[in-house]
Amino acid sequence: MTAFDPVPRVSGVAAPLLRDNIDTDAIIPSREIKGVGKTGLAEGLFAGWRYLQGREPDPGFVLNDPLYAHAPILLGGTNFGCGSSREHAVWALHEYGVRAVIAPGFAPIFASNCVRNGVIPVVLPAEVIATFKDTVTIDLVGQTVMSGGACVAFDIDPEARAMLVDGLDAIGLTLTNLPAIAAFHAADRVARPWIYL
Amino acid sequence: MRSRRRRRHPLAEPRTLFARLWDAHRVARLGPDDDLIAIDRVLLHERTGSVALRSLATAGRRVADPARVFAVTDHIVDTLPGRTGTRVPGGEAFLAATREETAKARIRLFDVDDPDQGIVHVISPELGIVLPGATLVCPDSHTCTQGAFGALAWGIGSTEAEHAMATGTLRMPRPKTMRVTFTGTLPTGVTAKDMMLALLAMHGANGGAGYAVEFAGEAVTALDIDGRQTLCNLATEFAAVTGFIAPDEMVFDYLRGRRYAPQGATWDAAVTVWRELRSDPGATFDCEIVIDASTLRPMVTWGTSPQSAVAIDATVPGQTDADLSPTGYDRALAYIGLAPGQILAGTPVDAAFIGACTNSRLSDLRRAAAILHGRRVAPGVQAIVVPGSMAVRRAAEAEGLDRIFLDAGFEWRMSGCSLCFYAGGDGFAPGTRVISSTNRNFEGRQGPGVRTHLASPETVAASAIAGAIADPRSFA
């Protein structure tokens, strides 16, 4: 069972947004979250930076440059996705077309949200990211990033890698562990009865 | 009550509290670095929980144990007296979905008209939902607040919340361990908020990335229960997976008799187990940070990251000291409208806000009120206080704090997340400079163009009176 389109490999233009501490309020401002769902969010992506007064595109913002519009890869600064846990940030990125973010580091909740939605969080040093130009290819199976003839390896948690490569549905996968979960609860009810209400 | 100490095997490796809690919740190993972890409590709020519940129902999946799931409306609810719902455009849909889905799934909801309504991380301890040694998750980044009770509590996304509800577990990479020790005694007028802003200033907003952080040391154990929650609240601003404090008698005394806490013989049995929840002497951490609390001063932020904090009587640092890229530094200063070398104290403010899961509990309000007593907010300053829960509001009113706030010129509101973030229903005007007891000073967090300075509630109160960022120690 798949939960999203698998992303064993992502190739395309990489939009540089090399600011540190890009927070999820910046990725999708709260006022742009208008419905109880996971869609209809791409228009609000980076709304505070992307638009001028009256929803006019700000020509100075990278995604408004025709070269980078709907780029499948974003290049970011350190602590990318910090702040609010809102998964809307990843849903908005995915709906816009982003399939991978390459940054020196990610906030933990954002990284986990990426893995559950088919967006690869690739961690590489800022110096390496600074050398990437235009077209970048991420091979998640081989754990490499290629750009301009250069090829660098990256680390990713093996579980996260497996989920992304195959587009796995985490709940479906965990439900195969039901016997272990039941056994845990049976023992735990005796050891810590106060947990069970 | 005395407890007999269990003797450990003399050759047993000393363990961290984190390892103790994590291992006790491991249902299965999923790989060398990943485990399936049992989740004891799931909390939801209307902004992200509604999405999780609806998605779960649409997928035809059931909440495995609804008795251990709790929901609240706090994020977009109106906080003006006489409220009925939300003033956020489109917000009613989130309230309606939360009501509908919690009813269908038989999940207890603390709704806007419930006497126990409040910010999720404030009401959970009040009701005894969080317990020492428990794992607790919520699709809200400040869930780590509840680590103050010796729980492993962390924020997750909506999809993970679905996973936790459907399976009673989460698939997690095991975090590394860090201990942050605050030695010595905090000076008068310096608070848990200042401790964390100092940690963030010293080690950066990503300093805790990849770590589960245990807070320890005499300055931590000397904090009251509210201060400990403020401390753990800001662990997420440190990029930590979670923050927590070993539970002690103060925690047990606080939780005893609360609605969902164990009672009678079960309580006694629980406390016996909880007294063992600590890191062994000699336990090794992947990273250790030690800060002398006696050297700390009231802190205030000058930029657009919580790490951009300095002592209140210090100046806006230069780019190299700010630990930001040149463009990031310029951008932050342009947004906040300050120049390098400028002293923070004395900067005029337009608004003062006391509230949010960081600093909205009874002791926060008491300390702010002590400064406001017999004084008036400076002309032209909009001042608002939003108690963290209706229980906090009632307790504050019972001791007359509401009168002190009102007489000083503060608005006295109903509880909710309110102006901690901008949801469209309630915001400051663009360009407003706000001294705020909240947790995030990001660009646009409190409204487009709003300039946020994070500080303790007493610094907010002092600044409201002065009409400019002010040192609370001069108002004592």
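**Helices that cross, and chains that meet**

In this predicted model, helices H2(B) and H3(B) are oblique to each other. The angle behind that word is about 50°, at which H2(B) and helix H3 (residues 91-105) of chain B pack with their axes 9 Å apart, and the crossing of H2(B) and H3(B) is left-handed. On the H2(B) side the contact is made by Gly49(B), Ser50(B), Leu53(B), Arg54(B) and Ala57(B), while H3(B) brings Phe94(B), Ala97(B), Thr98(B), Glu101(B), Thr102(B), Lys104(B) and Ala105(B). Sorted by class, the residues in the contact of H2(B) with H3(B) are five nonpolar, four polar and three charged.

What is the angle at which H2(B) crosses helix H5 of chain B? The axes of H2(B), which covers residues 49-58, and of H5(B), which covers residues 158-167, come within 8 Å and cross at roughly 55°. Because of this angle, H2(B) is oblique to H5(B). The crossing of H2(B) and H5(B) is right-handed. Here Gly49(B), Val51(B), Ala52(B), Ser55(B) and Leu56(B) in H2(B) meet Ser158(B), Ala161(B), Glu162(B), Met165(B) and Ala166(B) in H5(B), and by class this contact has six nonpolar, three polar and one charged residues.

How far can the prediction of chain B be trusted, in the predictor's own terms? Chain B averages a pLDDT of 96, and 97% of the residues score at least 70. Over residues 1-5 of chain B, however, the pLDDT is below 50, and this stretch has two contacts in the model beyond near neighbours in sequence. Where pLDDT is low, the predicted coordinates should not be read in detail. For the model, the scores are ipTM 0.97 and pTM 0.96.

Turning to the other chain, chain A has eight helices and seven strands, and its C-alpha trace spans about 60 × 40 × 30 Å along its principal axes. Of its 197 residues, 46% count as buried. Among the contacts in chain A with a separation of 6 or more, 67% are accounted for by residues 24 or more positions apart.

Finally, the two chains meet: 46 residues of chain A are in contact with 63 residues of chain B. The elements of chain A that give two or more residues to this side are helix H1 (24-27), helix H4 (108-115), helix H6 (158-166), helix H7 (170-174) and helix H8 (178-191). By class, the side of chain A that touches chain B has 18 nonpolar, 15 polar and 13 charged residues.

Conventions
Residues are numbered from 1 along each chain as its sequence is written. Chains are lettered from A and ligands numbered from 1 in the order in which they are written. This is a predicted model: local features need pLDDT of at least 70, side-chain atom pairs count only at pLDDT 80 or more; totals for chains, interfaces and linings use all residues. Axes are lines fitted to C-alpha atoms, for helices over the stretch in contact, and angles run from 0 to 180 degrees between N-to-C directions. Helices (H or I, at least four residues) and strands (E, at least two) are DSSP runs, numbered from the N terminus. Angles under 35 degrees count as roughly parallel, over 145 as roughly antiparallel, 65 to 115 as roughly perpendicular and the rest as oblique. A crossing is left-handed if the near helix is turned anticlockwise from the far one by less than a right angle, and right-handed if clockwise. Two residues are in contact if their C-beta atoms, placed from the backbone, lie within 7 Å. Ala, Val, Leu, Ile, Met, Phe, Trp, Tyr, Cys and Pro count as nonpolar, Asp, Glu, Lys and Arg as charged, and the others, Gly among them, as polar. A residue is buried if 20 or more other C-beta atoms lie within 10 Å of its own, exposed if 12 or fewer, and partly exposed in between; C-beta atoms are placed from the backbone. pLDDT is the predictor's confidence in each residue, from 0 to 100.
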